[in-house]
Amino acid sequence: MKQDFFSQFETQENSTYYSVSEVTKMIQDCLESSFSLLRLKGEISNFTAHVSGHWYFTLKDDFSQIRVVMFRSANQSLNWKPERGESLEVQIQGHVSVYKSRGEYQIICKSMEKCGKGAEEFEKLKEKLRREGLFERKKKLPFLPHHIVIISSPTGAAIRDILNVLKRRYKGVKVTLVPSLVQGKEAPFRLIEALKKARSLKTADVLILTRGGGSTEDLWAFNDEALAKTLFAFPLPIISAVGHEIDFTISDFVADMRAPTPSSAAELVVQNVFDLNEQIRKITRLLYQNMQGKIQTLKEKENYLRQHLPHPQKRIQDLQQYLDDLGTNLKRAFFQQTHLRKEKLSHLISLLESLSPLKILKRGYCLVNKNDKLIKKAHELKKGEEISIRFSQSFALACISQVGFIDNKNEKEK
């Protein structure tokens with residue numbers, strides 16, 4: 001950030017001049033954007049309480065000092081006021097700011113408390129419990145509780161504020177007040193006893209631990225270690241609403257949720273019934289619109305199907321006609337195949353008959369068999385053997401009286 005701030009001057013020409021307001025504005029932007037919430041510790045000096053209600057003072061240590069302004073909206077929550085000329089060490093939280101009219105930087109103080117033994121004890125106990133893990137586990141608040149338990153003083157303003165908010169936001173919720181001391185030496189013990197009583201309420205959904213604002217000493221009961229461990233072991237979600245927005249106690253860190261004020265705790269624990277009704281109406285309208293849109297879509301789809309899909313009876317008729325066509329084609333194919341097979345069979349019969357020995361016999365030839373064996377050569381016959389001769393129309397038996405051979409080459413009898 002620092003480099004970016006000065007680089008805008010380095011890039012300008014030497015002849016360029018800024019106004020005082022421009023430079024002050026740039027310094028203000030740079031400082032205020034570079035620092036988040038600061039926590040400072042020092043001694044108050046030059047304290048002035050203006051008639052407007054704002055406080056102006058200087059916070060200093062052994063080596064430096066810085067101007068501080070605490071506006072009325074922030075200091076009115078304090079139950080004490082620094083005295084002019086008093087040497088008082090304090091801790092403050094605030095933001096860095098620039099007062100442009102004088103070109104001075106200062107701290108806008110949001111909260112302030114006195115330093116001392118109590119603050120040191122608070123920080124030590126806070127660090128100890130943090131290391132033990134009491135600040136880590138957080139239970140989720142119920143969306144719409146039916147039974148709220150409140151631990152507080154029955155005569156304090158905190159309980160009245162909570163009940164007023166609950167009555168306005170959600171009348172149907174059940175509220176049980178477990179009274180307890182919230183200030184003094186006995187307060188931690190009484191608060192622990194109240195927690196034990198609240199634990200016995202079986203229908204409870206959530207617990208609010210609360211009291212109104214006060215000094216650090218007034219709120220010190222909520223910084224008790226035993227109380228913190230009892231809160232950590234409590235089975236229900238806990239909202240801590242102790243003091244004002246700037247007040248922090250150990251109970252705030254152990255609880256599942258911290259509320260800046262008792263009224264805020266009531267707003268956190270229940271939903272506004274009017275908001276819920278409005279949400280229901282919106283959801284109902286949305287569901288109705290979605291249903292109408294779905295019905296319209298289905299109607300359009302039905303019309304499309306009616307126009308583009310055939311009637312079931314027409315579909316059946318088409319299938320019946322298609323089936324008849326298949327039967328006709330099957331018959332035609334059968335007859336065609338039968339005719340082809342017949343022609344092929346006739347051809348094979350003709351071919352077989354042309355190769356049959358009977359055809360040869362009809363041309364004047366005969367077949368000579370001996371002992372049912374066809375005689376193909378003359379030297380297979382011997383004198384005196386019986387032979388059968390097959391003619392075209394009949395058979396004849398004969399006995400060989402003489403065997404003669406004719407050589408085909410020279411046609412001589414052997």
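How many salt bridges does the count come to in this predicted model?

**View 1. The whole protein chain, shown for orientation.** The protein chain, a predicted model, has 414 residues, of which 30% are buried, and its secondary structure comprises 12 helices and 14 strands. Of the contacts between residues at least 6 apart in sequence, 60% join residues at least 24 apart.

**View 2. A closed barrel of five strands, in the order β1-β2-β3-β5-β4.** The pairing in this barrel is mixed, and neighbouring strands of the sheet are turned by 55° against each other on average, direction ignored. Strand β3 (residues 65–70) and strand β5 (residues 104–114) run parallel and are joined by two bridges, with Val68 having Ile107 in β5 as its bridge partner.

**View 3. The salt bridge between Glu104 and Arg67.** The closest N and O atoms of Glu104 and Arg67 are 3.2 Å apart, and the pair links distant parts of the chain, since Glu104 lies in strand β5 and Arg67 in strand β3, 37 residues apart. Glu104 counts as partly exposed at 26% relative accessibility, and Arg67 likewise counts as partly exposed, at 43%.

**View 4. The salt bridge between Asp256 and Lys139.** The side chains of Asp256 and Lys139 meet with an N to O distance of 3.5 Å. Asp256 lies in the loop between α8 (250–254) and β10 (257–258), and Lys139 in the loop between α4 (117–131) and β6 (147–152), so the pair ties together parts that are 117 residues apart in sequence. Asp256 is buried, with a relative accessible area of 12%, whereas Lys139, with 23%, is partly exposed.

View 5. Glu193 and Lys196 form a salt bridge in which the closest N and O atoms are 3.8 Å apart; both residues lie in helix α6 (residues 187–199), three residues apart, about one turn of the helix. Glu193 is partly exposed, with a relative accessible area of 29%, while Lys196 counts as exposed at 51% relative accessibility. A network of salt bridges links Lys128, Glu132, Glu225 and Lys229.

**View 6. A nonpolar patch on the surface, formed by Tyr304, Leu305 and Leu309.** Together these residues have about 300 Å² of accessible area. Tyr304 belongs to helix α10 (residues 273–308) and is partly exposed, with a relative accessible area of 48%.

Technical notes
Residues are numbered from 1 along each chain as its sequence is written. This is a predicted model: local features need pLDDT of at least 70, side-chain atom pairs count only at pLDDT 80 or more; totals for chains, interfaces and linings use all residues. Side-chain values use heavy atoms; hydrogens and water are left out. Helices (H or I, at least four residues) and strands (E, at least two) are DSSP runs, numbered from the N terminus. Buried means under 20% relative accessible area, exposed over 50%, partly exposed in between (1.4 Å probe, protein chains only). Contact means heavy atoms within 4.5 Å. Two strands pair if DSSP finds at least two bridges between them. Axes are lines fitted to C-alpha atoms, for helices over the stretch in contact, and angles run from 0 to 180 degrees between N-to-C directions. Patches are made of residues with over 30% relative accessible area and no salt bridge: like charges are joined within 9 Å, nonpolar side chains (Val, Leu, Ile, Met, Phe, Trp, Tyr) within 5 Å. Accessible areas come from the Shrake-Rupley method with a 1.4 Å probe; for residues, only the protein chains shown count as cover. A salt bridge is a side-chain nitrogen of Lys or Arg within 4 Å of a carboxyl oxygen of Asp or Glu.
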